[in-house]
Amino acid sequence: MLDLHRLRLLRELAYRDTIAAVAQALAYTPSAVSQQLAVLEREAGVPLLERTGRRVRLTPIARRLVTHTEAILGQLERAESSIAASKAQLTDVLRIGAFPSAARAILPPALAVLGRDHPGLEFTVVEADPVDAADLTRTGELDVALTHDYDHVPQPEHPALTSTVVLTEPLFLASTRPSDPAGHPLASFRGAAWVLGSPGTLCRLAAERICQAAGFEPRVRHQIDDFPTALALVAAGHGVAIVPGLATADPPAGLTFTQLPEHRRVALTHRRGGELRPALAALRAAVTQAVADLP
């Protein structure tokens, strides 16, 4: 009988590529991960890892085993959801990940409604970049996350996760002067200083690709992930920025917002199989209503 815990380790290796990365993510030592995978190989009776120098690679049968593991974990999630759905009272604890603008604009009214209608629910909100939030949801550290993607940075379908888009919002160029209406909205800002997010974030990558599509590389002066801070810098004359619609509420004085053709999609993301979990269904309904009530 194959051990589910060891199968999870194999799945993490498929996602993270190195044993050291798996160990760091799951708070193990690399030797402990290696030992557990060696036991799994003996249980399976076939080679699961190919070693090339100091690195390992999953064999074809190991990758098929990871696919089966995803299906097994999805079934377990469905089983737990069915148990929760059978209870007379809605009681649950949801660990929710959210990026800052969604945590500020969407979650407070949604959680207020849930607290009123379902007093048996408890919530923990963790601020997380969508890339990290998806990983934390897949590994079980979060139950659900508000994530986002962009037209120029679409997120591929994830075998372990399900996402439901709850908001599609336009992107805006924030500046202290209007853009040239005759050409591309960004054309007159080619040589400007830019306020972008940190390297590796989806917001930074999306802004860079939008500028590249307009025919130039942005000259980055400030790296700020918090949109209100970025807008304050723009208002102070320290550059221009690309922000989503959620970030344009209550802006500093003196800013001009020019709508761009690109959009950002905000989604609720959870593990496959959790669709029937009553707490998730209640959260989805509350978030959908909070989005509908946005000004």
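1. The model is predicted, with local features requiring pLDDT of at least 70 and side-chain atom pairs counted only at pLDDT 80 or more, while totals for chains, interfaces and linings use all residues. Residues are numbered from 1 along each chain as its sequence is written, and side-chain values use heavy atoms, with hydrogens and water left out.

2. UniProt, in an unreviewed entry, places the feature "domain: HTH lysR-type" at residues 2-59; such annotations may be inferred rather than shown by experiment, and the positions follow the numbering used here, with feature names shortened. Over residues 2-59 the chain is 62% helix and 14% strand, with the end C-alpha atoms 17 Å apart. Helices (H or I, at least four residues) and strands (E, at least two) are DSSP runs, numbered from the N terminus.

3. The axes of helix H2 (residues 19-26) and helix H3 (residues 30-44) come within 8 Å and cross at roughly 110°, the axes being lines fitted to C-alpha atoms over the stretch in contact, and the angles running from 0 to 180 degrees between N-to-C directions. H2 and H3 are therefore roughly perpendicular to each other, a term that covers 65 to 115 degrees.

4. Where these helices are in contact (heavy atoms within 4.5 Å), Ile19, Ala20, Val22 and Ala23 of H2 meet Pro30, Val33, Ser34 and Leu37 of H3.

5. Strand E6 gives the most to the lining of the largest pocket, with 4 residues.

Key:
Parallel < 35°, antiparallel > 145°, perpendicular 65-115°, else oblique.
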